[in-house]
Amino acid sequence: MVSPESQPQSDSTARPQDTPLAIEARDIHVTYDDGTEAVRGVDLRIAEGEFFGFLGPNGAGKTTTIRTLVTLLHPTEGEVRINGYDTTTESQRVRESIGYMAQETSIDLELTPRENLQVACRMYGVPREERDERIAELLDLVELGDVADKRAETFSGGMQKRLDTATVLVHQPPVVFLDEPTTGLDPEARLRVWDYFERINDRGTTVFLTTQYLEEADQLCDRLAVLEDGQIIADGTPDSLKAAVGTDTLRVELAQPTATRKRRAIETLQSDGALDGASIEATSNGFAIHAADARAAATTVFRTLVDADIAVAGFDVDSPTLDDVFLSLTGEADDDGSETPDVTALSPAEVAR
Ligand code: ADP
């Protein structure tokens, strides 16, 4: 794992050590014919049953990596084993034991869901006598039973994605690879697709997901790796990555947020001594406290302010999000559209005034 010392290290408790590996990549490099080094030394060890997220800014090498894992590209250097099979020397075995959903949908819109699944069954060699039952079960799982015999061209983006995922599951693969499966879906459709991915994982299927939506990774994944410039720069559980970037922030809004009152509140809290180690700054309507556990600090803060006769109008607590993790690691915001709250800090001179 390529991990600068300042970055979060892998959380060894996240992956059960005695569970067999579904995906193992050892120091893989992928260089395209034009010399682009898209993947530069990636290691992955993903246990059976894990829901693993692969994040990174555009151009980081996510698609190149996933295409290498599913045998569509061969590593220039290094070795990949999927379900124990080598992707270079046993690629057919690998293909039979995985489902791969590419970014572009592979369903035939002229056909119905049932017909699409029949085609997939034939392609993956599902025994004839098992097909009807398998198809009925999958239609049920993705909630397309009611429209099983309608042409897919009339379907919403979310319905098409659900059908697409169902087609990669007809041969009941133990591992599925999903390359940005929810890009372009509206938020409601995305939630339904998430629910479906969770159900697949609950059935024991290992899921490898690339996504540009950090909230998606946070909701779904047991463990994540962040890729940049073809190298993994951090990995761990969503919580361990968040804990590594920073502290909680408790924002307190004062009833009368004049500079004098803000200063008095801050001085009172600083002299109280109970908030040692926390930094406090003035904001436009009160002040903000940065502490390892701002929720626990809240009781002390409110008691101290009440004792000092300083009225509080409101408060909220922010914990670091995966957006903060991503920003601190890659220096790029994701495309989630989520915003960090606006804190207008006064300069020390203003506070002192
Ligand atoms: P991501 O999926 O994270 O956006 P990609 O794996 O698509 O990243 O791309 C990684 C790098 O490899 C980028 O610099 C991209 O321009 C380059 N790249 C991707 N496909 C090819 C290709 N077929 N030939 C040459 N360079 C490529």
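**Notebook: aromatic pairs, cores and helix packing**

I began with phenylalanine 52, which is buried, its relative accessible area being 2%. I note at the outset that I am reading a predicted model, so every value below is computed from that model.

I then looked up the aromatic pairs, of which the structure holds five. Phenylalanine 52 and phenylalanine 208 make a stacked pair, with 5.7 Å centre to centre and 20 degrees between the planes. I placed phenylalanine 52 in strand E3 (residues 51-55) and phenylalanine 208 in strand E8 (residues 206-210), so the pair ties together parts that are 156 residues apart in sequence. Phenylalanine 208 also counts as buried, at 0% relative accessibility.

What does phenylalanine 54 form with phenylalanine 208? I found an aromatic pair that is tilted, at 5.3 Å centre to centre and with 45 degrees between the planes. Phenylalanine 54 lies in strand E3 and phenylalanine 208 in strand E8, so this pair ties together parts that are 154 residues apart in sequence. I checked burial here too, and both phenylalanine 54 and phenylalanine 208 are buried. I also recorded that Phe52, Phe54, Phe177 and Phe208 form one aromatic cluster.

Next I turned to the nonpolar cores. The largest has 47 residues, and within it Leu117, Tyr196, Phe197 and Leu209 touch the most other members. Helix H6 (residues 187-202) gives the most to this core, with six residues. A separate core lies apart from it, made of 29 residues that include Ala22, Val42, Ile98 and Leu227.

The buried residues of H5 are Gly158, Gln160, Lys161, Arg162, Leu163, Asp164, Thr165, Ala166 and Thr167. Which elements do the buried residues of H5 pack against? I noted strand E6 (98-101), helix H3 (113-123), helix H4 (128-141), strand E7 (175-179) and H6.

For a helix pair I took helix H9 (residues 259-272) and helix H10 (residues 294-307), which pack at an angle of about 115 degrees with their axes 10 Å apart. The crossing, in which H9 passes H10, is right-handed. On the side of H9 the contact is made by Ala265, Thr268, Leu269 and Asp272, and on the side of H10 by Thr300, Val301, Thr304 and Leu305. Sorted by kind, the residues of this contact of H9 with H10 divide into four nonpolar, three polar and one charged.

My last entry concerns arginine 67, which I found in helix H1 (residues 62-69). For tyrosine 100, which is 33 residues from arginine 67 along the chain, I read a separation of 9.1 Å between the two C-alpha atoms.

Conventions: Residues numbered from 1 in each chain as written. Predicted model: local features only at pLDDT ≥ 70, side-chain atom pairs only at ≥ 80, totals over all residues. Heavy atoms only, no water. Helix = DSSP H or I, 4+ residues; strand = E, 2+ residues; numbered from the N terminus. Axes fitted to C-alpha atoms, helices over the stretch in contact; angles between N-to-C directions. Left-handed = near helix turned anticlockwise from the far one by under 90°. Contact = heavy atoms within 4.5 Å. Nonpolar A, V, L, I, M, F, W, Y, C, P; charged D, E, K, R; others polar. Core = buried A, V, L, I, M, F, W, Y, C linked by side-chain atoms within 4.5 Å. Buried < 20%, exposed > 50% of the residue type's maximum accessible area, 1.4 Å probe, protein only. Phe/Tyr/Trp six-rings, centres within 6.5 Å; stacked < 30°, edge-to-face > 60°.
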